[in-house]
There are 2 protein chains.
Amino acid sequence: MSKQPARTPLPLALADCHTPLVAEPLSADQAERLAPSFKALGDPIRLRLLSLIASFEGGEACVCDLTDTFDVSAPTISHHLKVLREIGLVSSERRGTWVYYRAEQPALDLLSTILSVPQQAGA
Amino acid sequence: MSKQPARTPLPLALADCHTPLVAEPLSADQAERLAPSFKALGDPIRLRLLSLIASFEGGEACVCDLTDTFDVSAPTISHHLKVLREIGLVSSERRGTWVYYRAEQPALDLLSTILSVPQQAGA
DNA sequence: GGGTTGGTTCGATCCTCGTCAAAATAGGCG
DNA sequence: CGCCTATTTTGACGAGGATCGAACCAACCC
């Protein structure tokens, strides 16, 4: 993996926590770093954007492919993409006229692991 | 004045979506139902509360066991527990003097599945 | 019953967030 | 260069959320 160029304005959510939260209590520090990622997923438009981008052919989508799907203005879409990007759930790249967004699957996978429930858990 | 029997005021987040969001685009309806659950997880205190409850011995925790861990007031803890309860991530039960909270693991597991990344995903 | 502890609701305050219109930036084209 | 399209930034506004103290409800005990 390449090193992070420290471009994200917020501390990266991908902290050192790889343990399901049901297995052992999250520390305050871990919770502070994880919560913003879940918050970013806590908006229906962002959830759809992420899903749409991830399931686009080639794994990436141009902004122009996304805007028409929603009933909100282009600045609003741009705002939500920025939230997803700054938290590290998507990355963006400009190629000529268009800007392409791509889902950061490791980030998603980490969050999935955090929420996962190990087998023997339960009563 | 009859009391409402403590039913969840919001439609249950556990909708008919069991497919990872990277696999196919979420519908607007699915996103509307899933987002509130992620939003509920988007607060550090709620994240810790959930983790603390789930990892308590017996899988449940009394409120009195939780409040001391945090620097916020009891009403604030109660508020966060209510958010988690109304969204279906925890359930509560009064036994005598104390109220016990328990993590709803199927709900967690569903959210985990939504975020999971199938093997062949990607370009 | 009166008092005590556990937990929630109420009301108010402050701050964040989602949204838009308008303006600004970036790139391509004639 | 000037213009057009694509995307982002800015500024403003209203809605919602986190927090607290105070008041309130629930269960136990003497």
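Which residue stands opposite Arg102(B) in E3(B)? Ser91(B) does; the points below place this pair in its setting.

1. Basis of the note. This is a predicted model, in which local features need pLDDT of at least 70, side-chain atom pairs count only at pLDDT 80 or more, and totals for chains, interfaces and linings use all residues. Residues are numbered from 1 along each chain as its sequence is written, while chains are lettered from A and ligands numbered from 1 in the order in which they are written.

2. The sheet of chain B. Helices (H or I, at least four residues) and strands (E, at least two) are DSSP runs, numbered from the N terminus. Three strands of chain B form an open antiparallel sheet in the order E1-E3-E2. Its edge strands are E1 and E2 of chain B, each pairing on one side only. From one strand to the next, the twist averages 25°.

3. Strand pairing. Two strands pair if DSSP finds at least two bridges between them. Strand E1 (residues 60-62) of chain B runs antiparallel to strand E3 (residues 98-103) of chain B over 3 bridges, and Cys62(B) stands opposite Tyr100(B) in E3(B). Strand E2 (residues 90-95) of chain B pairs with E3(B) over 6 bridges, also in the antiparallel sense. The hairpin of E2(B) and E3(B) has 2 residues between the strands, and Gly96(B) takes a positive phi near 70° there.

4. Helix packing within chain B. Axes are lines fitted to C-alpha atoms, for helices over the stretch in contact, and angles run from 0 to 180 degrees between N-to-C directions. The axes of H2(B) and H4(B) come within 10 Å and cross at roughly 70°. That makes H2(B) roughly perpendicular to H4(B); angles under 35 degrees count as roughly parallel, over 145 as roughly antiparallel, 65 to 115 as roughly perpendicular and the rest as oblique. Ile45(B), Arg46(B), Leu49(B) and Leu50(B) of H2(B) meet His80(B), Leu81(B), Val83(B) and Leu84(B) of H4(B), where residues are in contact if their C-beta atoms, placed from the backbone, lie within 7 Å. By class, this contact has 6 nonpolar, 1 polar and 1 charged residues. Ala, Val, Leu, Ile, Met, Phe, Trp, Tyr, Cys and Pro count as nonpolar, Asp, Glu, Lys and Arg as charged, and the others, Gly among them, as polar.

5. The contact between chains A and B. Chain A contributes 38 residues and chain B 37 residues. On the side of chain A that touches chain B, helix H1 (28-40), H2 and helix H5 (105-115) of chain A each supply at least two residues. That side divides into 23 nonpolar, 9 polar and 6 charged residues.

6. A helix pair across the two chains. Helix H2 (residues 44-54) of chain A and helix H1 (residues 28-41) of chain B have axes that come within 8 Å and cross at roughly 120°. H2(A) and H1(B) are therefore oblique to each other. Pro44(A), Leu47(A) and Arg48(A) of H2(A) make the contact with Ala28(B), Ala31(B), Glu32(B), Leu34(B) and Ala35(B) of H1(B).

7. The surface near DNA strand D. Of the 25 residues around DNA strand D, Cys64(A), Pro75(A), Val72(B), Thr76(B) and Gly96(B) come nearest; a residue is near if its C-beta atom, placed from the backbone, lies within 6 Å. H4(A) gives the most to this surface, with 6 residues. The residues of the surface divide into 12 nonpolar, 10 polar and 3 charged.

Conventions:
Contact = placed C-beta atoms within 7 Å.
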